[in-house]
Amino acid sequence: MIELYAAIGAKPLFLWTDLLIWLLVAVIVLGVSYTRKRPHLLEPWHRVARSRLAMGSLVVLLVYVVIGLLDSIHYRPALKSTEANAEVHYAVEARTVLDWLVGDLGEQSEKSYSAPLATHLYSRESIETEAGTVRDYPRLQHGGAHLEDPAQQRGDLTTSLFVGGLQGVLVWLAIALIVAMWLRNRQGRSPLQWVVSKIRGQSDEGDVLPWHTILWVTCVVALLMMMAIQVGVKYHILGTDKVGQDVFYQAVKSIRTGLVIGTLTTLIMLPFAILLGIMAGYFRGWIDDAIQYTYTTLNSIPGVLLIAAAILMIQVYIDNNAALFETTEERADLRLLFLCIILGVTSWTGLCRLLRGETLKLREMDYITAAHAFGVSHLRIITRHILPNVMHVVLISIVLDFSGLVLAEAVLSYVGVGVDPTMYSWGNMINGARLEMAREPVVWWTLLASFLFMFVMVLAANLFSDVVREAFDPRLQSRGERS
Amino acid sequence: MSKQSEDQLLQSDRDTVGSPLLSVQDLRIWLSSRQQTVRAVDGISLQIERGKTYALLGESGCGKSMTALSIMQLLPEVSLKRASGEILLEGESLLDCPEQQMRQVRGGRIAMIFQEPMTSLNPVMTVGEQVGEVLQQHKNLRGSEQRQQVITLLEDVGLPTPEQRIDAYPHQLSGGMKQRVMIAIALAGEPDLLIADEPTTALDVTIQAQILDLLRRLQQERGMAILLITHDLGVVAEMADHVGVMYAGQLVESASREQLFSTPGHPYTRRLFDALPDRSKRHQPLTVLHGMVPPLTAAFQGCRFESRCDQSWGLCRQLDPNWFAVSLGQQVRCHQLNPEIEPPNREMVTPEAEPQPLPVTDEGAVLLQLQGLKVHFPIRKGFFHRTVGEVKAVDGVDLSIRPGQTVALVGESGCGKTTVGKSILRLLETTAGSMQFAEKALNQLQGRALHQVRSQLQMIFQDPYASMNPRMMVGDIIGEGMDALGISRTPAEREQRIAELLEQVGLSPEVVKRYPHEFSGGQRQRIAIARALAVDPQLIVCDEPTSALDVSVQAQILNLLRKLQQQQNLSYLFITHNLSVVSWFAQEVAVMYLGRIVEYGTVEEVMCSPKHPYTQALLSAVPTVDTESQREVIRLQGDQGSPIDPPSGCPFHPRCPQAESRCSQQLPEQQWVSETHHATCLLLKG
């Protein structure tokens with residue numbers, strides 16, 4: 001193994017959150033393959049697939065997820081040793097596959113603030129020239145450094161955008177053609193003819209997916225991505241922050257943190273909420289009392305207090321046991337994991353209460369009575385009758401919590417008990433931007449970047465989940481048929 | 001005055017004298033729902049005269065309520081695709097009326113009352129405020145003047161002690177009183193036309209009789225026209241002057257009440273009458289309409305009723321029948337009655353219902369015996385859940401059911417019938433009394449023994465929409481009991497058994513992989529029956545199994561239940577409030593009032609010579625189709641008492657028209673009228 005690592009010049013680094021994220025991916029893949037064979041489970045997903053809104057937002061979400069997943073494979077590059085045959089050492093700072101893909105974008109730092117697409121710093125500095133010291137805006141080291149004369153910037157940008165656009169169209173066309181070739185239902189047309197007909201908005205008999213929408217959204221995404229890459233290698237698209245780091249790079253790297261907090265926290269919270277909520281509503285009596293008192297008590301302790309206590313404790317532990325962690329990422333990751341856990345522990349009460357109420361309603365339904373009359377066991381009633389009928393509540397609250405948690409992370413970072421300050425996250429970015437907003441002239445791009453990235457992700461997630469909820473709610477299905 | 005305007009005046013004078021109050025011409029309403037277009041109303045024409053009642057009769061989903069809503073211009077604008085035709089209120093078109101003006105019409109000239117009094121009133125406003133709102137809007141009354149007017153209105157609708165009730169909130173009133181308040185709200189604007197959308201469907205028979213009386217009285221006093229929407233032929237017979245029968249978005253017959261009930265023209269109308277259960281049809285299966293109302297999403301070719309009509313021929317499939325008069329005032333949409341069309345020369349076979357013997361019951365054995373059954377629910381309050389009182393839902397019930405027998409349990413809602421049914425299934429714990437089932441003390445069984453007896457006792461519920469888990473497939477729903485009780489052996493046997501059961505209840509075995517929401521109410525009720533049958537029960541508690549269904553579907557389900565009883569020697573405890581179903585279906589009847597059985601006997605005894613004043617009142621309050629017989633209707637005042645604090649002595653005495661002073665002091669005992677007939681009334685003694 002060690003030889004292999006040496007040969008490729010990198011050693012994988014397994015972080016807890018990475019493992020959990022990939023476990024989640026594996027569970028989803030298994031779930032998909034299980035559902036595929038069962039037409040009755042597939043039926044509501046077909047309804048989702050038919051929705052143009054859902055598929056459009058799914059494409060956007062997928063881009064986020066892919067970036068997040070690429071960012072969840074960590075490795076430590078080998079350090080170049082000066083002498084031959086020496087033991088290979090690996091860097092203390094881990095990199096991810098995403099870093100490798102974007103190249104040295106992360107390392108292209110400037111001295112300080114620079115505006116989006118700027119060629120000069122945002123503030124005047126004393127520059128030593130042949131004519132003596134002048135106070136002026138110095139040129140950036142990377143942003144637009146290839147230009148002889150900053151005045152050419154406009155022309156250069158136009159060219160880059162054009163090239164990027166062209167590349168985007170080509171990439172998109174390639175994806176579309178691959179999809180078309182893989183499809184069976186092409187009605188005897190060549191892949192190209194198929195793509196053209198879909199772009200024109202023709203839909204075929206037997207089409208499930210709204211290809212028209214999917215292709216257009218993919219086209220927009222591909223264009224934006226390729227343009228960003230073209231421009232991004234030459235300029236700082238969204239400027240740089242106080243220490244001169246590329247804001248665009250930070251925002252992209254923050255995607256992983258957002259996804260981790262949004263998904264892992266919910267996963268940790270769900271078992272508490274579902275189990276306790278349903279038990280309280282179903283069994284009533286002293287079980288209900290005990291659970292109610294528990295969450296009422298938990299609710300009356302300020303959540304921030306609990307989180308702060310837990311995070312500070314884990315920070316002390318990390319500091320005292322520095323030897324356990326070989327890299328800074330491992331340290332930051334442990335803190336992230338505990339943040340997820342403690343957020344999960346403090347946020348299950350809301351869903352628990354909802355589920356208790358819903359279960360109270362359901363347990364009086366005739367079909368539960370019928371199940372009792374058959375002598376069906378409590379466990380079976382809970383798993384077969386109650387759980388599937390409260391899943392839409394769970395689904396809705398997962399999504400609402402998702403955006404709420406991403407925002408909570410920002411608030412906690414502000415207080416100083418959020419993710420590790422060295423970690424890229426929208427919360428840390430907003431926290432930094434807080435001071436910049438008070439600066440004169442205002443540095444607005446950090447806030448805007450984190451807002452944009454967060455907004456698009458939360459919006460896409462909300463739109464998608466809305467369609468999922470509607471597709472899974474049989475009451476919405478039958479309403480049309482009953483009236 | 002110019003000549004022209006004089007002409008106009010004359011013209012309008014003539015119009016108001018000769019023309020009806022409301023005239024609907026060729027109304028068509030298309031709604032869009034989930035990429036489909038529903039032709040909810042497809043060419044309705046009707047006229048309503050002042051001071052008359054027009055009844056719109058039809059099964060659910062035929063477009064009755066849509067017609068009413070379009071008259072009020074209350075159709076959901078989002079889904080409304082197209083509305084054409086004419087709705088004229090005193091010659092003024094309502095379809096083109098702008099919303100601003102329409103608000104004056106609604107409540108002011110046309111008012112509406114709805115089916116569900118529980119949800120039609122705002123729970124956070126007092127009764128007085130809700131009535132006053134209308135007065136303010138349409139009469140511009142405020143302050144003490146308004147309050148005075150509200151009290152007068154509440155008095156008009158027969159709300160007892162209106163001076164106090166005016167400040168009551170809806171939850172402090174009973175269902176009947178809420179409906180009275182709804183009527184008061186409707187009357188507040190002094191409308192010319194009152195639209196009543198199933199005004200009594202959610203109410204008990206005795207309350208229904210009160211409300212129908214009230215509507216009739218108000219109509220006479222105020223000369224109001226009523227558009228009555230109902231599915232109940234009995235209510236039509238009591239109320240209507242003119243009747244329109246709707247089927248699949250069209251009127252298929254329009255006639256005066258007398259004509260309709262003496263010579264129904266359209267095959268659909270005739271089938272509706274035939275499907276009504278009553279005692280004279282006891283020995284034969286009910287005539288059923290096969291299938292369902294066709295979906296209104298497609299364009300029709302030919303007669304809409306053709307697929308369910310047993311007298312159709314080729315022409316019916318090709319040509320849409322015309323709307324023509326068969327006699328003065330009676331119009332029909334059917335080829336068969338059209339004098340211009342020669343029906344094919346063939347014998348009109350009226351399917352002769354084969355006589356069906358009543359189930360024979362074994363006189364000796366007793367399957368289930370209840371003695372002094374009491375079920376009390378404690379009312380708990382405070383932090384430590386102290387018991388502060390009891391709801392005496394069932395307070396001493398004796399009952400016995402023999403194998404293969406049907407015993408009906410009759411009573412108004414809240415009298416404890418369902419509680420009896422659920423405690424027999426051991427879904428509720430009994431407080432006192434004994435239950436013997438197949439020689440076992442049912443209420444003492446625990447653990448395994450109880451688990452074993454579960455398969456012999458089953459239940460069918462009222463609401464076919466709530467009785468099935470919407471997320472389980474039909475196959476799993478039926479198989480659930482077999483799995484839980486360990487009856488199914490191998491998966492193949494299980495599958496085969498489910499298929500058998502589905503066939504037995506008249507469904508195709510292919511439906512196992514479908515979800516409940518894909519089925520209609522009647523089909524769901526069949527699935528519920530199959531689910532109960534799956535574990536081979538001996539006794540099935542049927543809790544109002546047909547009261548949520550249309551008449552024609554009710555007949556199908558009742559026939560099915562009786563067929564199964566004959567095949568498998570099942571016993572039924574049939575809980576219902578529908579007395580005509582009882583007289584067709586049951587052998588013995590128990591009448592319940594406030595947790596006690598007040599009368600018990602065979603169907604003949606109880607239905608023909610009721611002894612208890614409550615039974616007499618109940619029987620007389622049922623609206624009947626029979627318009628000839630002038631029956632004396634006993635009107636009960638007020639509502640059933642509360643089971644928390646039942647009246648002293650005989651629980652019925654506060655409402656009893658024959659009550660004497662001793663009734664309020666002495667608890668009556670069972671008085672045997674004959675060997676099989678007893679009633680619990682003090683008056684029978686002396």
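Trainee: At which residue does α12(A) bend by about 35 degrees?
Mentor: This is a predicted model. Helix α12 of chain A covers residues 328–362. Its bend of about 35 degrees is placed at A:Ser347.

Trainee: What distance does helix α12 of chain A reach from its first C-alpha to its last?
Mentor: The helix has 35 residues, and at 1.5 Å a residue the expected value is 51 Å. The model comes close to that, with 50 Å.

Trainee: How many disulfides are there over all chains?
Mentor: A disulfide needs two cysteine sulfur atoms within 2.5 Å. The count over all chains comes to 0.

Trainee: Which cysteine sulfur is nearest to that of B:Cys542?
Mentor: B:Cys542 is in no disulfide. The nearest cysteine sulfur is 16 Å away, and it belongs to B:Cys415.

Trainee: Is B:Cys681 buried or exposed?
Mentor: B:Cys681 is in no disulfide either, with the sulfur of B:Cys650 6.2 Å away. Buried means under 20% relative accessible area. B:Cys681 has 7% relative accessibility, so this residue counts as buried.

Trainee: What radius of gyration does chain B have?
Mentor: Chain B has 22 helices and 24 strands, and its C-alpha atoms fill a box of roughly 95 × 70 × 50 Å along the principal axes. For 686 residues, a compact globule would have a radius of gyration near 26 Å. Chain B agrees with this, at 27 Å.

How values were computed. Residues numbered from 1 in each chain as written. Chains lettered and ligands numbered in written order. Predicted model: local features only at pLDDT ≥ 70, side-chain atom pairs only at ≥ 80, totals over all residues. Heavy atoms only, no water. Buried < 20%, exposed > 50% of the residue type's maximum accessible area, 1.4 Å probe, protein only. Helix = DSSP H or I, 4+ residues; strand = E, 2+ residues; numbered from the N terminus. Expected span 1.5 Å × (residues − 1). Bend = angle between axes of the 7 residues up to and from the residue. Rg over C-alpha atoms; globule rule 2.2 N^0.38 Å.
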